[in-house]
Amino acid sequence: MSGLRKYLQKVLIFLVKYVLLLLFKIIGPPRILWFGWPINAAILRAFGAKVGEKGVFIHSPVVLGGARGGYANLTISDRCLLNGNNYLDLSAPITLERGVSLGPGVIIMTHNRYNHNAFLEERLAHTCGVKEVLIKEGAGIKAGALIVHGITIGRNAVVGGNAVVNRDVPDNCFVAGVPARVVKEIK
């Protein structure tokens, strides 16, 4: 009986996935992924994202900003985990290398502006622009962290919960705080 149940579950997921893909091909890529992880991964792939085939879990919801032309700016490698309530700004490339995990509520920004406020944009020009974000192999970004544009998170680095990362994080380090600072090396 359980074998039949598993088979029917696989058939149902297959049907739902292809009906949703057909629908989104007609109306365009969704801004919010509300579905289970295999369907979310299929939708991302269908609209240009590079998503690994092994051990990728993309739990909903995931909000995708700046993705007018699809998801080509997103790369998610094998063994990655997105724990839900994530916001990914796809104005520039976001790359999650093998084994990266994003906790719930993680925000990754690839652009910054000040609502066209000429005063702020002139005086804070160094903080404006569109820049890619790279999160290297094995890094863990904990709940509620914010990664700003132009940042590289090192291999096996851990970003503490609710940290604001506004500068690159070295390999094998734990960072935390607002703004995030190196707390200790991971040996």
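Predicted model: local features only at pLDDT ≥ 70, side-chain atom pairs only at ≥ 80, totals over all residues.

Colleague: How many aromatic pairs does a search of the whole structure find?

Modeller: The search gives 2 aromatic pairs. One is W37 with F57, with ring centres 4.6 Å apart. Their planes sit at 65°, and over 60 counts as edge-to-face, so that is the label for this pair.

Colleague: Where do W37 and F57 lie?

Modeller: W37 is in helix α2, residues 37–46. F57 is in strand β3, residues 57–58. The pair therefore ties together parts 20 residues apart in sequence.

Colleague: What is the relative accessibility of W37? And of F57?

Modeller: W37 is at 36%, which makes it partly exposed. F57 is partly exposed too, at 33%.

Colleague: Now F47 and Y71. What geometry do their rings have?

Modeller: The centres are 6.0 Å apart and the planes are at 75°, so this pair is edge-to-face. It links distant parts of the chain, 24 residues apart. F47 is in the loop between α2 and β2 (50–51). Y71 is in the loop between β4 (62–65) and β5 (74–76).

Colleague: Are F47 and Y71 buried or exposed?

Modeller: Both F47 and Y71 are buried.

Colleague: Switching to the helix. Which residues of α2 are buried?

Modeller: I39, N40, A41, A42, I43 and L44.

Note on methods: Residues numbered from 1 in each chain as written. Heavy atoms only, no water. Phe/Tyr/Trp six-rings, centres within 6.5 Å; stacked < 30°, edge-to-face > 60°. Helix = DSSP H or I, 4+ residues; strand = E, 2+ residues; numbered from the N terminus. Buried < 20%, exposed > 50% of the residue type's maximum accessible area, 1.4 Å probe, protein only.
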